[in-house]
Amino acid sequence: LQLLSHPAAYPVPQHIVERDGEEWLALENLVTNGPYRLESWDPPRSVVFVRNDHHHSLFTGNIQKVTLYPRTRWSEKLELYQQDAVDVLGVPSEPTPEVRQARYRHADEFNSLATFTTDILLFNQKHAPFDDARVRQALAMTVDQEEFAIRVENGFLFPSQGGFIPPGMPGHAGQIVHPFNPAHARQLLAAAGFADGKGFPSTKLLIVDDFARRAVYLQSRWRELLGVEIEIDAVPWPEWMDRIYGRGESFDIYQMGFPPDYFDPYILLFETRILAQAHWQDERFDRLALEARYAATQTERHQLYQAMDTLLVEQAVLIPLFYHRTTLLLKPWVKHYPFSPTWGWYWKDTIVERE
């Protein structure tokens, strides 16, 4: 049922599309049925929406007009916010000095909201030694998610103590990550034939360059605690996408983040293609997936998905790192600003009361 809330299921005005073809998206032809209609489109500067008086559902807010500044640099948006020319300002998750300063300067206006995005490390089991669960578990046991979130992300993100399915989504399993245990990790690594990291093969971690600081942290911890050396391959986001999904390149470890398109764990467990990227197969996982497919109730299906997620974490197919949050600065006169964990904004229910 959640799929029906996805934009792919929105109705399209057939008569307009048939009349104008691809030009039906032009501003002068565009017909929509949302709570706001597009008034002007100038993405380098601004995009303006005005209230659609013909919209069918109830407006509980009082917003008549919404102006977005999509491509303006964040420093310029911050200046507009400080001049009271902007009511809502998204705060980047990167803990730069400028972002930290803004966060503390506007502490009373700072809001942190949970989303359903999970960042993970994914092991490619087509490459030895990551086909050995003991190696993957050893690396997982030397990742302290709480320390990671504080030292690397300055508390902007929540440490993942549960599985790939995030808190608040049906099927979430709490407290299932491997506990931080370097001593046991060293024992597992030695049992796999790599005592003190000796003989561990050359390993690459592919990551988007904006998050290279995370790879540096992991690199230092695995070197210090296990004697394992990894090489960091940090590339821009478009290149990362091309190398993974375009060219289909194969790496040892990937750092990935998944914002789900709809409110159901199915999209994370199946549509993200994590199993294909990990080259992992397990009869127990497949059996649970089959049972979930024919489950009689949603509750039963979600319980089976939770068991699947637990198996992924126990076998260290992946290491959950963070649960994302979106952070906003809201002016005091923004009294109500509804937000969806799937990154939806509800302007029709937003209330602004300026004195």
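**Notebook: a buried alanine, a sheet and a helix pair**

I began with A316, which is buried at a relative accessible area of 0%; here buried means under 20% relative accessible area, exposed means over 50%, and partly exposed covers what lies in between, with a 1.4 Å probe and protein chains only. I noted that this is a predicted model, in which local features need pLDDT of at least 70 and side-chain atom pairs count only at pLDDT 80 or more, while totals for chains, interfaces and linings use all residues. Residues are numbered from 1 along each chain as its sequence is written, and side-chain values use heavy atoms, with hydrogens and water left out.

**Backbone entries**

I placed A316 in the loop between α12 (298-314) and β10 (318-330), where helices (H or I, at least four residues) and strands (E, at least two) are DSSP runs numbered from the N terminus. The phi of A316 is positive, about 55°, although A316 is not a glycine. D196, also not a glycine, has a positive phi near 55°; D196 sits in the loop between α6 (182-191) and β7 (204-208) and counts as exposed, at 55% relative accessibility. I kept in mind that most residues other than glycine have a negative phi, and that most peptide bonds are trans. The bond joining A128 and P129 is cis, with omega about 10°, and P129 belongs to the loop between β5 and α4.

I next looked up F130, which lies in the loop between β5 (110-123) and α4 (133-141) and is buried, with a relative accessible area of 1%. Leaving aside residues up to four places away in sequence, F130 touches F123, N124, Q125, V135, R136, L139, F200, T203, D252 and I253, contact being heavy atoms within 4.5 Å. From F130 to P236 I read 106 residues in sequence and 25 Å in space, C-alpha to C-alpha. I150, in helix α5 (residues 145-151), counts as exposed at 53% relative accessibility; its C-alpha atom is 22 Å from that of G168, 18 residues away along the chain.

**The sheet**

I traced an open sheet of three strands in the order β1-β2-β3, with antiparallel pairing. Because β1 and β3 stand at the edges, each with a single partner strand, one side of each is left without a neighbour in the sheet. From one strand to the next the twist averages 15°. Strand β1 (residues 36-42) pairs with β2 over six bridges, two strands being paired if DSSP finds at least two bridges between them; R37 stands opposite V50 in β2, and a hairpin of three residues joins β1 to β2. Strand β3 (residues 65-68) is joined to β2 by four bridges, and V48 has T67 in β3 as its bridge partner. Five of the six residues of β2 (residues 46-51) are buried, so β2 is largely enclosed by the rest of the structure.

**The pair α2 and α3**

Last, I examined helix α2 (residues 74-82) and helix α3 (residues 97-105), whose axes come within 12 Å and cross at roughly 15°. That makes α2 roughly parallel to α3, a term for angles under 35 degrees, with over 145 roughly antiparallel, 65 to 115 roughly perpendicular and the rest oblique. W74, S75, L78 and Q82 in α2 meet E98, V99, A102 and R105 in α3. I sorted the residues of this contact into four nonpolar, two polar and two charged.

Key. Axes fitted to C-alpha atoms, helices over the stretch in contact; angles between N-to-C directions. Nonpolar A, V, L, I, M, F, W, Y, C, P; charged D, E, K, R; others polar.
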